[in-house]
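Please look through the structure shown below before reading on.

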Amino acid sequence: MKNKNWLLFLLVSLVAITLAACSTGGTDNNTEEQEQSSEGEETTETSETQGEKVLRISATSDIPTMDPIMTEDNVSTQWIDTVYEGLYRQAPGGEIVSGIAKKEETEVSEDGLTYTFHLREDATWANGDPVTAQDFVYGWQRAANPANGSFYGNYLMSGKIKNAEQIFAEELAPEELGVSAPDDYTFVVELETPVPYFDSYVINSNFLPAHKEFVEEQGDNFSLTPDSILANGPYKMTSWKAEEGWELVKNETYWDAENVALDGISVKVLKDADTRLSNYETGNIDRVTLSGSQVKDNQTSPEFGSLSEASTFYMKMNQESAEKSEYMQNYNFRMALAKAFDKQAYIDVVYGNDSIPANYFVPAEFVEHPETGEDFQQGSDLLAYDVEAAKEYWTKAKEELGFEEVTLSFLSGDTDVAKSISEVMKTELEKNLEGLSIETVNVPWAQQLDLMREKNYELAVSGWIPDYKDAVSFIDIFVTGGENNDVGYSNEEYDALVKAAKTELALQPAERFEALQQAEQILLEDAAIAPILQRKTSVLAKNYVKGLDQLNPFSNNYSFKYADIQK
Amino acid sequence: MAKYLIQRIIYMIITLLIIISATFFLMKIMPGSPFNNLGGKITPEQQAFLEEKYGLDEPVPVQYFNYITGVFQGDFGVSFQYENRPVSQMILDRIGPSAELGAQALIIGAILGIILGMIAAIKHNTWLDYSSNIIAVIGISIPSFVFAGLLQYYLAVKWQIFPVSFWESPIHTVLPTIALMIFPMAICARFMRTEMLEVLGSDYIELARAKGVSNNSIMFKHALRNALIPVITVLGPMTVSLMTGTLVIEQIFAVPGIGEQFVTSINTNDYPVIMGTTILFAVLFVVVILIVDLLYGLIDPRIRITGGKE
């Protein structure tokens, strides 16, 4: 008997420690259970309406926000695009097609400053209300209202949409934004300057309509739960559990519902790359994006695929760094650095897939010549990997600058991938350029951004993902004094070409296109940056998954409206 | 007893205030901004505007005062990273799975560990002792994510006995619980063995034996009770760290717990979330330490709980 008592005491004390320590945890468990049971009801509801065509995929993080004007990341952008629809939308691969606005009926004034969009009359919100031009006016004003603190609103609207700049400076009221609704189905936008790529510009989620009554009724809760999101796009969100995942079902009230093939999409949050792959292998998800080390093992699988991205990565050589600016401003010095490292080696180490070594800045297969249809990117070997040439430039640089040995710092992040980046660059550059030592600096991402913004670095690798479909999204970065020009590059001719493309050539598509091509040529001739690669994403997908074999060049990665499962 | 408790609670509040203040000021000297993790796609004016909106343009002491005032009113602010989500809600959503997983791992791990340790001590220098020792050394030296990976690969992917991941039903908790319980089990076994050996060699056990007390009674009534004290000491803080989540285990098994949030919030300078999770950890810690101290008295009445000087 006594023995039993002691065992009991042992158990009780252990339980007491754990339970008492978690007295707060205890009540949380209750709320958790309640939530789970209500989720349970929702899932049964949806599984009744869901047929077999439910696409099961994973996401690398929870959705940071479903509020269209607050997005600043891939995941949010992707799922906002899936539940909402704006003026236009992207078909797979990036073609701009009609959304709420009928694209073929859009009128552009001769000076390119006024766009008149004609909206379809059969588009509705999920609550049955029609989507009207007033909803667009409100949505755009909401993005432009500085009090709402939109992340992208200012970046996208200022200097483009009439009065946006003054609104962000709080000189004008948001109602003064250059948008209007002469009637329910006509939406007029006035621009400050012609924006030749406006079609793709309005894809951004800051340009979505918003249901004023609903948004105001939800207040601070807007977009925090499926109930506080009012969809007007191909899918509706039915459940969203923090850090676990979310589910969407086809929105039957969507005007083009007959062309939405899937009955639903189920997304699980899986942060660990190996866990994602394991779930794919055991059949829990239908499609998975592979990380570097996983590519090699799966490359030969019939389910393997690589999708081109419209993003390029390049090494930055800061011409305004505190100590090495004199070196970096030397043309031969930069040429030597740009040609001295093996781009393929970089790809092998960092991505392990068939990303393309690039000697250019504006991605291939991104934009085409408006008349001839030729690709913007005609390739160039000016900055190709060439050890011999690099050594020649290096010798010249040594003569001109009068040095034998030099140490440069290489800034990178503190993740495993970021460290492998700095290691491969250090190895390559030191191997091929005699007298060069690279000192690697690995810091957290936020600090890395700070240091770059302050131009407090010497070498670093950056990538650029465009925000709209036009070469200027890339070329604009390196104009003298540009906000994102953190390499201190300056060339008058380059600046003049970019300015011309934005002003007098804005309405002459062919000339403008060629001016931007020339600008890129100058950038490369000057070795302002050292291009490395154009990235590809590697995936495994079951053969019954259709419509997801192309990435969009900007904004949302995939157009789930067109996805399908064909078993 | 009451006096002692009141005194301890006052100390706890002071400790918490110090932790909150230190974290707040240290956090503010971290590099980076919560609003520019995009790499240059926010204009400086916009950044200034956001800082003003969230009160980050004020001097740090003013921000500190505002924050503390909020905390006393139960307002922990809203996340920057997860737009507009209240921090208290985020914590409530995520502490559940972490606490459940941690409690399971701790209870099972501690019980198994204590049994292992006792067996090792009683069967000192036999194969039982050696194998229990080997288990303990492996458990302490191999990190839990290695076990997690192995368990997941064999039991879930290859043999498909358990689900790979997700947090849906009790069966989903098996693998993460096993991966997580190995460390507390090993620690308990080590402490238990050492203490039991010491206790078993002490005079009063000899006396009990001489008096003819039965072996079971010696083990459970006399030895175990005294040997438990150091185990309780290490279990206290371990409870907190287990129940507040483990980044790697949570990621591998896709558990929607809080461990990961703590790390992400620091990386993204999500100030309100950093503060919220720190306060949670700190509160749990001081409470557990108090409970451990109270338990000492319960297990060994010689440890007196009294207030002030004696």
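In an unreviewed UniProt entry, the annotation "transmembrane region" is given to residues 9-30, 101-122, 134-154, 174-192, 227-253 and 273-299 of chain B. The model described here is a predicted one.

**Two of the annotated spans**

- Residues 134-154 of chain B are 90% helix and 0% strand, with 22 Å between the end C-alpha atoms.

**Helix α2 of chain B**

- Within helix α2 (residues 44-53) of chain B, the buried residues are B:Gln46, B:Phe49 and B:Leu50.
- These residues lie on the same side of α2(B), because the arc that they cover around the axis is only 100 degrees.
- An α-helix has 3.6 residues a turn, so residues three or four places apart point the same way.
- The partner against which the buried residues of α2(B) pack is α5 (153-157) of chain A.
- After α2(B) comes B:Gly55, which has a positive phi, near 70 degrees.

**The contact between the chains**

- Chain B brings 63 residues to the contact, and chain A brings 53 residues.
- Among the elements that give two or more residues to the side of chain B that touches chain A are α2, α4 (87-122), α9 (215-243) and α12 (271-299) of chain B.
- The element that gives the most to this side of chain B is α4(B), with 13 residues.
- By type, the residues on the side of chain B that touches chain A are 33 nonpolar, 20 polar and ten charged.

Terms used. Residues are numbered from 1 along each chain as its sequence is written. Chains are lettered from A and ligands numbered from 1 in the order in which they are written. This is a predicted model: local features need pLDDT of at least 70, side-chain atom pairs count only at pLDDT 80 or more; totals for chains, interfaces and linings use all residues. UniProt positions are given in the numbering used here, feature names are shortened, and annotations may be inferred rather than shown by experiment. Helices (H or I, at least four residues) and strands (E, at least two) are DSSP runs, numbered from the N terminus. A residue is buried if 20 or more other C-beta atoms lie within 10 Å of its own, exposed if 12 or fewer, and partly exposed in between; C-beta atoms are placed from the backbone. The arc is that of the directions from the helix axis to the C-beta atoms. Two residues are in contact if their C-beta atoms, placed from the backbone, lie within 7 Å. Ala, Val, Leu, Ile, Met, Phe, Trp, Tyr, Cys and Pro count as nonpolar, Asp, Glu, Lys and Arg as charged, and the others, Gly among them, as polar.
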